[in-house]
Amino acid sequence: MEKIGYLGPEGSYSFIASRSMRPQSKYIAYQSFPLVFASLTDGETDGIVIPIENSLNGGVMQNLDLLQYTQGICAVEEYTIKIDHRLVTKQGADITKIKRIYSHSQALEQCAVYLKKHFPNAQLCSAPSTAASLDLIKEDTDAGIAGSHLKREGLVFSPDNIADEVNNFTHFLLVRRGEAPQDVHTKKIYFSFTCRNKAGALLTMLQSVYKGGFNMTKLQSRPIKNTPDAYRFFIETEGDYALPQTKAALKQIENSADEFKLLGCY
């Protein structure tokens, strides 16, 4: 049976995405994203499901780095989930006396306005995942942020979504070992590149993307580790990787770049 790794525990949004993308697989939970990626490169899993971007917070930077620097892997499928954040407290707890609020750092950021308004003095504590935050609610003064699907006896979920934006979506990728499938038709192509730090260098690269006939759906930048004032650019475009002209256009972009990596075709 196919094994899919994800950021656990069971019930996390990564688990929901994994189950939706590969409903007949065996799911293996890991406590951190580096461990999720290591499970793939070490052969413990056949694929991994990772969040790559949130509509409120933008790119999940740790996973951008892991996707970039991990060799021999490629994203092959995408999936989007609407995120539903609820405040979770112990049954019978006085909500006005909450001192600590646990959740994944992304969830804490996505609820920042609500938390500042209602719990300005509470300590915000990072948890491995939203689902894991429920295990940290030990006292009446503890709270967590997690999805309403994680109902648990003895815990009370707020009736409303507390995210700063109700339309909050996270984009997930299924990543496998190996290179992009050569003959599988795709809708999108995801790649990264670097260019020289000089006037017009990025414009030249983007012109290469335009001349290749690609319609960009995403553009992000990320500082390059240990290289001050240098950036790597991540681009997602529409495109069918199975077509020879698509591969030729990508080759032209690669030839114009200082560094180039194909991250995914899906």
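The largest cavity in this predicted model holds about 250 Å³ of space. The structure has one cavity of 30 Å³ or more.

Which residues lie nearest the centre of the largest cavity? They are Tyr13, Pro51, His104, Gln106 and Thr130, out of a lining of 19 residues. At least two lining residues come from each of α1 (13–21), β3 (47–54), α4 (105–110) and β11 (169–177). The largest share, three residues, is supplied by α4.

I turn now to the aromatic rings. The count of aromatic pairs is five. Consider Tyr6 and Phe15: their ring centres are 5.4 Å apart and their planes meet at 50°, so this pair is classed as tilted; planes under 30 degrees apart would count as stacked, and those over 60 as edge-to-face. Are these two residues buried or exposed? Tyr6 is buried, at a relative accessible area of 3%, and Phe15 is buried as well, at 7%. Ring pairs also bring in Tyr27, giving a cluster of Tyr6, Phe15 and Tyr27.

Finally, there are lysines set over rings. Lys247 lies over the face of Tyr241, 4.6 Å from the ring centre. The charged end of Lys218 sits over the ring of Tyr190, at 5.4 Å from its centre.

Definitions and conventions. Residues are numbered from 1 along each chain as its sequence is written. This is a predicted model: local features need pLDDT of at least 70, side-chain atom pairs count only at pLDDT 80 or more; totals for chains, interfaces and linings use all residues. Side-chain values use heavy atoms; hydrogens and water are left out. Rings of Phe, Tyr and Trp (its six-membered ring) pair if their centres lie within 6.5 Å; planes under 30 degrees apart count as stacked, over 60 as edge-to-face and the rest as tilted. Buried means under 20% relative accessible area, exposed over 50%, partly exposed in between (1.4 Å probe, protein chains only). A charge sits over a ring if NZ of Lys or CZ of Arg is within 6 Å of the ring centre and within 35 degrees of the ring normal. On a 1 Å grid over the protein atoms alone, a cavity is a set of points where a 1.4 Å probe fits but cannot get out, and a pocket is an open set with protein on both sides within 12 Å along at least five of seven lines; lining residues have an atom within 4 Å of a point. Grid points are joined across faces, edges and corners, and a volume is the space filled by probe spheres set on the points. Helices (H or I, at least four residues) and strands (E, at least two) are DSSP runs, numbered from the N terminus.
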